[in-house]
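Trainee: I am new to this structure. Could you take me through a few of its features?

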Amino acid sequence: RPVDKIPPELLISCGKDATALFHVHTRQVELTKDSPLFRTPAQAPDNQEGRGDQGEKGKGKEGKEEEGKEEPAKQAGEAAPSAPVEGKGVQEISTLVSSMVDLAVEAASRPANADSLPALVAMAPPTAEDKAEAPTTAATPQEEAELEPEPEPETETEMVTLDEFQLRAKEMHEEKRFVRAKVLMANGAESEFTVKQWLVLMGIEIHGASKAKRRLDKILGQHKEEEKAAAAAARKLKQQAKKAKGDAKKQKNAKKQKKPAAPLAVVPLLEQVLRCAAEERGKVTFGKSVIHGWGLFAKVPIKEGEAVAEYRGDIVRHSVANEREQRYRRQKKDLYLFAANTKQVIDGTDVGSIGRFLNHSCAPSCYIKLVEDEEHGIPHLAFFARCDILPGQELTFDYRLREEDDENKWECKCGAPTCRGTMN
């Protein structure tokens, strides 16, 4: 791996209180003075480097034999003569120093020649008798202080191996069987990887890689399963949201759509005309009209398209209708002859219904429609409302008479804005 991607130092932990700085390239753990695992050189054991991993259960047969060989050597070391007494050594040193000083002063006072140099060099050390004859001088407190070794400065940090760090942490947590140093993340929480697993993962450690790799594969496999489950849950939520959105859209479109109109109850025209003939007395009545003579007026509100009244009378042929017309003219009667079709005419002059009182208007409120009763061969003429009619309003329709010359024209008195002036 590129070196720049591997950090030189890591924060590791074996619990809340046991944190330290791990140097990646030297594999050493730096303990500060504030750490409960910190020990001074006097507290630290001599065989610190020889302590094995805490996972090691015991030494083999070869280790026991080596320990057996080391015991006699230790016993021999204990039997060795002890060092001279401190006071006696200081006296001998002071005697030797004083004799050397005297010789040096004597040599300096002599003339410098070649014969004196070999004697100074070949001078033998003082014997026991010389030492006894030499004057003894006690060392001053200043000299004793200079001869005493200076105390070593107090250390602020301690460098130990990773195994030693874990062993010290194990002593703090005796209830645990194993204690493994784990890498700390940026937020201060422990990661799932131990230091050795992290070294294997980064590709800078191969010792114990198979065991660490199996553990790593297990952890990474768990992460992959969790990622798959999370992805599946996300897909499911997305599908549910999409379905809910589609349902909401359908409901919105359904509300926008207009409700289908209720099917109209189709009533045959003949049935409407027969019903109108039975109910016309309650809908309309006759009275004096401003247009001409008698007129027909609405008693109740009438809706557009509703049957108002039927034009009834004698049903005769056209030849009979012509003869009656001549007679009615001689008698000076009003004519109520209505041609139903090419063969039949309805005469309502002497025998007729209330519908004969509808006057002519150039802006009529009703129209007339022929309804044939094919079963009985009887024609029916019925008046239907062209618009909504209010109570008290006069009902009119357009007579549609044949156009005549000026001498035979009939004056129209409907008074409508669109009045033509004549009815024929």
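**Charge and strands**

Mentor: This is a predicted model. Start with the negative patch: its largest share, 3 residues, comes from helix H8 (residues 209-256).

Trainee: Which residues gather in that patch of negative charge on the surface?

Mentor: The patch carries negative charge and sits on the surface. Its members are Glu 192, Glu 225, Glu 226 and Glu 227.

Trainee: Does Glu 225 count as buried or exposed, and why?

Mentor: Glu 225 lies in helix H8. Exposed means over 50% relative accessible area. Glu 225 has 51% relative accessibility, so the residue counts as exposed.

Trainee: Now strand S8. How many of its residues are buried?

Mentor: Strand S8 spans residues 294-298. Buried means under 20% relative accessible area. The strand is mostly covered, and of its 5 residues the buried ones number 4.

Trainee: What is the bridge partner of Phe 286 in S8?

Mentor: Strand S7 covers residues 284-288. S7 and S8 pair in the antiparallel sense, over 5 bridges. In S8, the partner of Phe 286 is Leu 296.

Trainee: Which residue takes a positive phi in the hairpin of S7 and S8?

Mentor: The hairpin has 5 residues between the strands. A positive phi near 50° belongs to Gly 293.

Key
Residues are numbered from 1 along each chain as its sequence is written. This is a predicted model: local features need pLDDT of at least 70, side-chain atom pairs count only at pLDDT 80 or more; totals for chains, interfaces and linings use all residues. Side-chain values use heavy atoms; hydrogens and water are left out. Buried means under 20% relative accessible area, exposed over 50%, partly exposed in between (1.4 Å probe, protein chains only). Helices (H or I, at least four residues) and strands (E, at least two) are DSSP runs, numbered from the N terminus. Two strands pair if DSSP finds at least two bridges between them. Patches are made of residues with over 30% relative accessible area and no salt bridge: like charges are joined within 9 Å, nonpolar side chains (Val, Leu, Ile, Met, Phe, Trp, Tyr) within 5 Å. Accessible areas come from the Shrake-Rupley method with a 1.4 Å probe; for residues, only the protein chains shown count as cover. A salt bridge is a side-chain nitrogen of Lys or Arg within 4 Å of a carboxyl oxygen of Asp or Glu. Lys and Arg count as positive and Asp and Glu as negative; His and the chain ends are not counted. The place of a charge is taken as NZ of Lys, CZ of Arg, CG of Asp or CD of Glu.
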